[in-house]
Amino acid sequence: RWLGFVALADPLRATVPQAVAELRRAGIRVAMITGDHPGTALAIAHAAGLMAEHGVLTGAEIAAMSDDALAQAVSQVQVFARITPGQKLRLVKAYQARGEVVAMTGDGVNDAPALKAAHIGVAMGQRGTDVAREASALVLLKDDFGAIVDTVRLGRRIYRNIRNAMRYLIAVHVPTVGMAFIPLALGW
């Protein structure tokens, strides 16, 4: 006899689609790597605004690929489903083999190898495991994807300020040193 129906929902945070769009405008490509079912992964990717026109690549398909084929596949596919921890690491290395700078986010023990291998490992500070936090280069205090956008924006502003300060120092001090050195060199 029918007793009822139970459903669980883990909705996407409202800030994620805007964050993905801002990262795309900043020239950062976002990919989703999950252990979820491919149908679930595509639904989440669509809700987040990820480009999924090339479909989803599953862990079984990745296991059958050579490293070169995987490096080629990551240039097009942005959604990866039913992925094991070893395959996460393999995906990070495939992106790096293409010459890309890889930032990996994660919060679990299974994310630690990929977090460590990425150029920038980003762990979630509130619900993240100790292992993920130790393996990461950066730990977010707020478990929100939008915090990554704020961090990128701030980092780029700091880099721009340092570059401008160096230009100023070179523009002012090199001529000053030259004016002091040239007379000495020429015996004036």
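Biologist: Hi! Is Glu22 buried or exposed?

Modeller: Glu22 counts as buried because its relative accessibility is 19%, where buried means under 20% relative accessible area, exposed over 50% and partly exposed in between, using a 1.4 Å probe and protein chains only. This is a predicted model, in which local features need pLDDT of at least 70 and side-chain atom pairs count only at pLDDT 80 or more, while totals for chains, interfaces and linings use all residues. Residues are numbered from 1 along each chain as its sequence is written, and side-chain values use heavy atoms, with hydrogens and water left out.

Biologist: Thanks! Which element is Glu22 found in?

Modeller: Glu22 sits in helix 1; helices (H or I, at least four residues) and strands (E, at least two) are DSSP runs, numbered from the N terminus.

Biologist: And which residues is Glu22 in contact with, leaving aside its neighbours within four places in sequence?

Modeller: Those are Val149 and Arg153, with contact meaning heavy atoms within 4.5 Å.

Biologist: New topic: where is Val101?

Modeller: You'll find Val101 in the loop between helix 5 and strand 4.

Biologist: Why does Val101 count as exposed?

Modeller: Because its relative accessibility is 67%, Val101 counts as exposed.

Biologist: What separates the C-alpha atoms of Val101 and Val174?

Modeller: A distance of 34 Å lies between those C-alpha atoms, and the two residues are 73 residues apart along the chain.
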